[in-house]
Amino acid sequence: MVKLGSYEPQVYLLGWQHPESSEGLSSAMCLECWALLIFAELRLKNGGHRCEGRVDMKYRGTWGMMDGYYWNWQAAAVVCRQLGCGDAVDTSQESYFGTEYGVLWVARFFCDGTELTINDCPHSDFSRYNDYANIAAGVVCSGFVRLVGGGGPCSGRVEVRSGGDWTPVSGGNFTFPNAQVICAELQCGKAVSVGDVPIRESDGRVWAEEFRCEGQETTFYLCPRVACPGGSCQHGATVQVVCSAYTEIRLMKNGTSQCEGQVEMNIFGERRTLCATHWTMANANVVCRQLGCGAAVSTPKGAYFVEGGDQIWKAHFHCSGTESFLWNCSVTALGIPDCTPGNTASVICSGNQTQALPPCNDSGSGPAGSAASEKRAANCSDSRQLRLVDGGSRCAGRVEILHQGSWGTVCDDSWDLNDAHVVCRQLGCGEALHATVSAHFGRGPDPIWLDDVECTGQESHLWKCPSRGWGRHDCWHKEDAGVICSAFLGLRLVSDDQDCAGWLEIFYNGTWGSVCHSPMEATTLSVICGQLGCGDGGTLNASVGVREGPNDRPRWLDGVRCRKPDDSLWQCPSDPWKNGSCSEREEAYVVCADMRPKSCPSAAPCTDKEKLRLRGGDTECSGRVEVWHNGSWGTVCDDSWSLAEAVVCQQLGCGSALQALPEAAFGPGNGRIWLDQVQCRGSESSLWACAAQPWGQSNCKHEEDAGVRCAGKRETLPINTAGTRPTPSPDPGIFSLPVVLCLILGAFLFLVLTILVTQLCRWRTERRALSSFEDALDEAMYEEIDYHVTLKKEDLLNSPGSQGQPLPQAAG
């Protein structure tokens, strides 16, 4: 809220004409015409940030809504400028930002859009009504300052806007009070870090002024400024700011801050004690290190509780133990019930700033939760860490262990629920629901640290389970093990025909269930849509009616209230988890800013060709490579990018590849980086046939986006009367390597077949000739035998004494 200064009134006489009007005002209007407002305040209400919302004006000491019937772009531009909110990018005359019963101011402003404040605009007389505003004036301003590139609206590079362009601010002489004013204006809590981001000269200009905030200014726009020396600011780096709702931690004992006591933290500007539920030694070690108090010795629950203190903050912190600050740990607030009075987190630190706990020994470990196990955990330090990756939540994903400074995976040989239980318990993620195998969450990085893990389910750490030993295995990454824990939370929008729109569902306790729409304000919708990669904002659709299907589905959650610094829905406070939190008529149907038809980037049927495009080039066959996946366009990282990977040219009908260009040669893209480590042989028919990291798994920035320059000119096939594209005829004389290999192989096979047929025919001919010869020989032999037998018979019959002699008888 900005209070306007007083200005000398300028009295307009009867017959005054607006500079853009050809007619004077009516006598009735001009006789009651006010020259200038000199006692007024403005504010914007019900918007997603300070610089958008319904226009409210305090006139003659009374706040009221501005009627939107006469509202226009010129008046909106002046309001944005007056509030230090940049330029007007949208104006509303239809109560877009809501209405309420109360004072309604009706007046007509005659601004030309260049005035510094609404005070400078001539206007008609004000009329006051007590009613609902059927048409309430609203405005969306660009804002004067923003943070970009940090994963959310509350961290990133500082940019300011003037004249429609966003310009980065130099890191030279940028002070912490500047950062505090920015974080407060953006409703992002307090600044926790200020740093520099190196830039190149080709990245554009830098804001030509230095800001000198004192820290008390309500907006960055109001901070004093001085021109940079020599008319140009340091161009080597721009400034980056990180804001957080969580700051200034301390341990309180007997009213003083020291190295032991109740954990207190500044949360949204208020001192709050933290709840002991799920408070761990890893959290305590981070607190002790942050305060310069050595290492954590113990975490006695409620030992330093003071009656009558502020409400206990119920959110859970999930530290690995290596973070520098507690606010760097992941936080869960969604569905967490209120903390029991007196159940406050406490920490006792060693008190010696240089003291470090001895390393833990894997041998002799007792069951998880035993007194011996807890004592060892409290008095030793383990540099090894455990995490779950690529599961969309800290409680689901591929199992990875940090050992000897490198993250590695676990092989799925003998992997079962007992092993998964240890992982989930170690991470504070409840019980195991599934033990996944065969790289269910994608293939991880080398090395593979453990194989044949055989836990009983009671161990406190995964590496305390029996196994082959560190680095000993006979596996490939296609066998990487994974886990889904009961505390895993998933988020989706369910719709038959739309992406980024549908019934809002959360995966909780192993089951998908609905979310209730109360109160679900603009900030909450922005967090939901941003987490799903569906744009920066969204709306609730109340016109869809009651959801079809079984009525016994869970309705897990109600009362979700996100705040500006929340990066994900899991950080937003809400009512506790409860099946049946609302009726079927109160289920939330969300429409995000990037709503689009399902599956395809266009209305045409999806093919590999439609899922690939080049952007930012000087021809249609050159540019940054972008692919369509999971409902959105994203880029390809230039790691391993070469001419072999430029199969995209053939896939797009652009001929052969001339250049494979790295380092965002055609400018950095937006959105996700879908592919990394793409490795083609050059003979693939499309980019999808090449080996690569799993979709969305990348360690790149958009400054590493891959590009390509192709030899040909892409031909656009005409659409026939049936609305389909005819099949193009092949280009004669141009053969790809696969075609040539097929032709050579075919010719070789044909030659072999011809030889075999010839040999077969020759063999059959020789067989027939041999058969005829053998038949003739047999005949000749039979004739010869017959001739000799006949001759001997005749000789016998004609021999002397043969007549009348009986033939001899056979013996008995």
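The model is predicted, so local features need pLDDT of at least 70 and side-chain atom pairs count only at pLDDT 80 or more, while totals for chains, interfaces and linings use all residues. Residues are numbered from 1 along each chain as its sequence is written, and side-chain values use heavy atoms, with hydrogens and water left out.

## Overall make-up

The protein has nine helices and 41 strands; these are DSSP runs numbered from the N terminus, with helices being H or I of at least four residues and strands E of at least two. Of its 812 residues, 44% are buried. Here buried means under 20% relative accessible area, exposed over 50%, and partly exposed in between, with a 1.4 Å probe and protein chains only. Among contacts with a separation of 6 or more, 68% join residues 24 or more positions apart, a contact being heavy atoms within 4.5 Å.

## Nonpolar cores

In soluble globular proteins, nonpolar side chains tend to be buried together. A nonpolar core is a set of buried Ala, Val, Leu, Ile, Met, Phe, Trp, Tyr and Cys residues joined through side-chain atoms within 4.5 Å. The largest one has 30 residues, and those with the most contacts inside it include Y246, V263, M265 and W279. Two or more residues each come from β16 (246-253), β18 (260-267), α4 (281-290) and β23 (346-349), and α4 gives the largest share, five residues. Setting aside residues up to four places away in sequence, W279 touches V263, L274, A284, V287, T299, L326, A345, S346 and V347. Another core, of 29 residues, lies apart from it, with A396, W415, V453 and C455 among its members.

## Salt bridges

The count of salt bridges comes to 28, each being a side-chain nitrogen of Lys or Arg within 4 Å of a carboxyl oxygen of Asp or Glu. Three of them are listed here.

| Pair | Closest N to O |
|---|---|
| R54 and D56 | 3.0 Å |
| E400 and R398 | 2.9 Å |

K190 sits in strand β12 (residues 190-198) and E248 in strand β16, so this pair ties together parts 58 residues apart in sequence. K190 is partly exposed at 29% relative accessible area, and E248 is partly exposed at 37%. By contrast, R54 and D56 are both buried, as are E400 and R398.

A network of salt bridges links R492, E505, R547, R553, R555 and E587. R553 belongs to the loop between β33 (538-540) and β34 (555-557), and its 14% relative accessibility makes it buried. Beyond its neighbours within four places in sequence, R553 is in contact with S514, R547, E548, N579 and E587.

## A surface patch

L745, F748, L749, V752 and L756 form a nonpolar patch on the surface, with about 490 Å² of accessible area together. Such a patch is made of residues with over 30% relative accessible area and no salt bridge, nonpolar side chains (Val, Leu, Ile, Met, Phe, Trp, Tyr) being joined within 5 Å. V752 is found in helix α9 (residues 737-798) and is partly exposed at 34% relative accessibility.

Methods. Patch = residues over 30% accessible without salt bridge, like charges linked within 9 Å, V, L, I, M, F, W, Y side chains within 5 Å. Areas by Shrake-Rupley, 256 points an atom, 1.4 Å probe, with all protein chains shown as cover.
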